[in-house]
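Dear colleague,

Here is the structure I am handing over to you. My notes on it follow below.

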Amino acid sequence: MKTNLLPFLLLLLLLLLHDPISVYAAAGPPASMAASSPGIQVENEEHHMDLHRKMVIALAVVSTALVVVIFGFLCFWIYSRKHLSKPNRKSVPNPDAEKGVALAPFLSKFSSVKMVGKKGYLPMIDYKQIEKATNNFQESNILGQGGFGCVYQARLDDNLDVAVKKLHCETQIAGREFENEVNLLSEIRHPNIISILGCSENEDKRFIVYELMKNGSLEAQLHGPSRGAALTWHMRMKIALDTARGLEYLHEHRKPAVIHRDLKSSNILLDENFNAKLSDFGLAIVDGSQSKSNIKLSGTLGYVAPEYLLDGKLTDKSDVYAFGVVLLELLLGRKPVEKLSPCHCQSIVTWAMPQLTDRSKLPNIVDPVIKDAMDLKHLYQVAAVAVLCVQPEPSYRPLITDVLHSLVPLVPVDLGGTLRLSNVAHHSVMS
Ligand SMILES: Nc1ncnc2c1ncn2[C@@H]1O[C@H](COP(=O)(O)OP(=O)(O)O)[C@@H](O)[C@H]1O
Ligand SMILES: [Mg+2]
């Protein structure tokens, strides 16, 4: 405000300096001048007027220059506030990045970076380092088997444990999935989505380096040797909620939205505290992209929504269907597709549907590991959500945001929900 007034003050000063002339005009010359001879008086008057004119001009020039300088300074100040401060704003830590694994400390360790997508960049890790970190891809380092190769546990030079996915890219499809996953994940930092740390290549092989998820996949936890023993009712509800949060981010907060397309228990990974994160973005697509209309039908049997399987119709509701199947796996401890005989399979949806909607039957089909360990009201609620998610008609399925809101009150506060457990209740449900 003060700076804005300055030009006016200078203008006022200029006017005041003009004053003597206007005063003479109004009241005639001063007495000392009137006493001298008329010739000298005229000459003096002219000389005086000349001096005044020069002073006025000088003052006008100086004040104009001042105004120009101040105005220039003002413009620069406004411009710098608008544009030059942008990088500072960018460097303010993104809350999502804080919750996910931050890439910055990792980036500084590698001199080479790969430009990915439109705005992402990722450390390019030397292949020799990958080889050494995985003990030359030793079998004992294998964490899981993927469609185009294995995922290995690896230890980088600074004792950082990571997971490395090795993709054999002889085929175009594998190469495309690699590019797709790297492009998408390098732009995403979210606590419920796996963090990508770098990539590497050697001949026709590509490698993706991720944060290590110490408790492996939900599939391995539920259907592996432990048969879900590590997962209490509340832990299962937390995993469902985390998964819904990851999906909500993709569907509602990414612009344009991302459809995962391959949501299943083997693509939900668990860290050392059983925080769940979505992984495997090889098939994910950006909603509305031209590629959506001519994509190959892909997914996993048991999780694929009927409208996608039959008509190729792909929307965010296809992910909601797959989420419903995962919810059924968590509730019932059964695989999405059970083999009844060598040529006869049954999907968990067909098998469970009649019992899910019958309150008297529902408790009998719950996974024996968590049976009687939950509030029955909560069980009915979760079963109702699962039934809605796997509706054959996509428009009857809820949005993932609605699912998320219905799960929040079922998860204890210390696991990320809003459920407050009294000590007595806590013991009775955990036992
Ligand atoms: N970051 C990770 N930490 C721990 N295990 C992982 C990690 N990434 C993948 N895995 C294991 O490897 C398996 C296959 O990985 P995934 O990315 O799904 O490969 P694909 O795209 O071939 O299916 C997963 O189901 C999981 O068991
Ligand atoms: Mg997978």
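Ligand 1 is surrounded by 21 residues, the closest being G144, G146, V151, A163 and D280; a residue is near a molecule if its C-beta atom, placed from the backbone, lies within 6 Å of it. This is a predicted model, in which local features need pLDDT of at least 70 and side-chain atom pairs count only at pLDDT 80 or more, while totals for chains, interfaces and linings use all residues. Residues are numbered from 1 along each chain as its sequence is written, and chains are lettered from A and ligands numbered from 1 in the order in which they are written.

The shell around ligand 1 holds 10 nonpolar, 9 polar and 2 charged residues (Ala, Val, Leu, Ile, Met, Phe, Trp, Tyr, Cys and Pro count as nonpolar, Asp, Glu, Lys and Arg as charged, the others, Gly among them, as polar). Strands β3 (142-145) and β5 (161-168) each give that shell at least two residues (strands are DSSP runs of E, at least two residues, and helices of H or I, at least four, numbered from the N terminus).

N159 sits in the loop between β4 (150-155) and β5. N159 counts as exposed because it has 6 C-beta neighbours inside 10 Å (exposed is 12 or fewer other C-beta atoms within 10 Å, buried 20 or more, partly exposed in between, with C-beta atoms placed from the backbone).

In helix α15, L379, V382, A383, V385, A386 and C389 are buried. Seen down the axis of α15, these buried residues fall within an arc of 160°, so they line one face of the helix (the arc is that of the directions from the helix axis to the C-beta atoms). On the other side of α15, L376 and K377 are exposed.

Regards
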